[in-house]
Amino acid sequence: AEATRLAERLHAALAGKASISFGISTYPQDGLDREALHQQADLALYAVKHGRAPDVRGAHGRELSWAAALARAVDARMAAAHGHSDAVAELAARIAASLGWAPEHIGRLRLAAMLHDVGKIAVPEAILRKPAPLTDEEMGIVRTHAEAGADIAARIEGLEPIAEWIRHSHEHVDGSGYPAGLRGEHIPLESRIISVADSYDAMTTTRPYRSALASEEAVRRLREGVSAGFSPGTQSLSL
């Protein structure tokens with residue numbers, strides 16, 4: 001908003017003296033680095049010069065930039081050895097593609113998966129980085145992150161529709177998950193897919209208190225968990 005007001009003042013000051021157009025881009029909505037921001041500002045500038053309304057990246061691009069920035073902040077707090085949020089987003093998108101979902105639906109799912117742990121931004125780092133299994137009390141604190149993450153997404157323009165998918169991404173089909181203890185079909189399918197993708201990436205990644213599992217073993221455990229934690233059909237990803 002401040003950049004827009006500045007451009008308007010400059011335009012008014014130069015009116016009648018020079019022909020001038022402005023293009024504005026904003027971090028992280030329009031890009032995550034200097035080159036991307038410069039490119040998007042140029043696109044906006046040339047759109048204005050040719051009498052078109054600037055459409056920098058489009059709504060989906062802005063939302064994805066927001067999601068990426070937030071997810072990377074969480075991964076950094078968790079000292080993740082790899083981009084866990086990006087990995088879960090990619091896995092979830094591949095599962096949805098294998099189920100024949102439309103690209104727009106897959107795109108929204110990717111956003112939700114990227115942000116599934118964003119509520120952990122409010123969990124103490126001592127818990128997130130603890131090199132041992134958590135106590136019941138510590139696990140209770142961690143479990144607050146699902147609702148916190150949904151609340152964060154709901155407050156960001158453009159991300160409101162995916163908030164409920166994030167809220168229920170840690171539910172189990174047998175009702176043993178959180179925060180609401182939903183069962184079966186009462187859990188959004190998007191949330192169930194995120195749960196499978198999250199579990200696979202967690203199992204195949206080395207953690208401070210255990211080694212990573214081989215892909216084949218992780219898939220076997222997912223299939224064994226159909227009757228309890230996971231929904232039939234959401235493990236169809238070819239890994």
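Trainee: What percentage of the 239 residues in the protein is buried?
Mentor: Good place to start! This is a predicted model, and a residue counts as buried when its relative accessible area is under 20%. Of the 239 residues in the protein, the share that is buried comes to 40%.

Trainee: Among contacts with a separation of 6 or more, what percentage joins residues 24 or more positions apart?
Mentor: A contact here means heavy atoms within 4.5 Å. Taking the contacts in the protein with a separation of 6 or more, the part that comes from residues 24 or more positions apart is 57%.

Trainee: Is α4 parallel or oblique to α10?
Mentor: Helix α4, residues 84-98, packs with α10 at an angle of about 130°, and their axes are 8 Å apart. Angles under 35 degrees count as roughly parallel, over 145 as roughly antiparallel and 65 to 115 as roughly perpendicular, so the rest are oblique. The angle between α4 and α10 therefore makes the pair oblique.

Trainee: How many nonpolar residues does the contact of α4 with α10 have?
Mentor: On the α4 side, the residues include Ala87, Val88 and Leu91, and on the α10 side they include Ile193, Ile194 and Val196. By class, the contact of α4 with α10 has one polar residue, two charged ones and, to answer you, nonpolar residues numbering 10.

Trainee: Which word describes the packing of α5 with α10?
Mentor: Helix α5 covers residues 103-114 and helix α10 covers residues 189-203; they pack at about 55°, with axes 10 Å apart. The crossing of α5 and α10 is right-handed. With that angle, the word for α5 relative to α10 is oblique.

Trainee: Which residues of α10 do His105, Leu109, Ala112 and Ala113 meet?
Mentor: Those four residues belong to α5. The residues of the contact of α5 with α10 divide into five nonpolar, one polar and one charged. From α10, the partners are Glu190, Ile193 and Ile194.

Trainee: Is serine 85 buried or exposed?
Mentor: Serine 85 lies in helix α4. Not counting residues up to four places away in sequence, serine 85 touches Ala71, Asp75, Ala113 and Met114. Its relative accessible area is 1%, and the cut-off is under 20%, so serine 85 is buried.

Trainee: Which backbone oxygen does the side chain of serine 169 reach?
Mentor: Serine 169 is found in the loop between α9 and α10, and it is buried, with a relative accessible area of 2%. Leaving aside neighbours within four places in sequence, serine 169 is in contact with His116, Ser191, Ile194 and Ser195. At 2.9 Å, its side chain reaches the backbone oxygen of isoleucine 166.

Trainee: What kind of peptide bond joins tyrosine 178 and proline 179?
Mentor: Most peptide bonds are trans. Proline 179 has its place in the loop between α9 and α10. Between tyrosine 178 and proline 179, omega is about 10°, and the bond is cis.

Trainee: What distance separates the C-alpha atoms of glycine 225 and histidine 172?
Mentor: Glycine 225 sits in the segment after α11 and counts as buried, at 14% relative accessibility. Glycine 225 and histidine 172 are 53 residues apart along the chain, and their C-alpha atoms are separated by 9.9 Å.

How values were computed
Residues are numbered from 1 along each chain as its sequence is written. This is a predicted model: local features need pLDDT of at least 70, side-chain atom pairs count only at pLDDT 80 or more; totals for chains, interfaces and linings use all residues. Side-chain values use heavy atoms; hydrogens and water are left out. Axes are lines fitted to C-alpha atoms, for helices over the stretch in contact, and angles run from 0 to 180 degrees between N-to-C directions. Helices (H or I, at least four residues) and strands (E, at least two) are DSSP runs, numbered from the N terminus. A crossing is left-handed if the near helix is turned anticlockwise from the far one by less than a right angle, and right-handed if clockwise. Ala, Val, Leu, Ile, Met, Phe, Trp, Tyr, Cys and Pro count as nonpolar, Asp, Glu, Lys and Arg as charged, and the others, Gly among them, as polar. Buried means under 20% relative accessible area, exposed over 50%, partly exposed in between (1.4 Å probe, protein chains only). A polar contact is a pair of N or O atoms within 3.5 Å; within protein, one must be able to donate a hydrogen and the other to accept it, and residues adjacent in sequence count only if both atoms are side-chain atoms.
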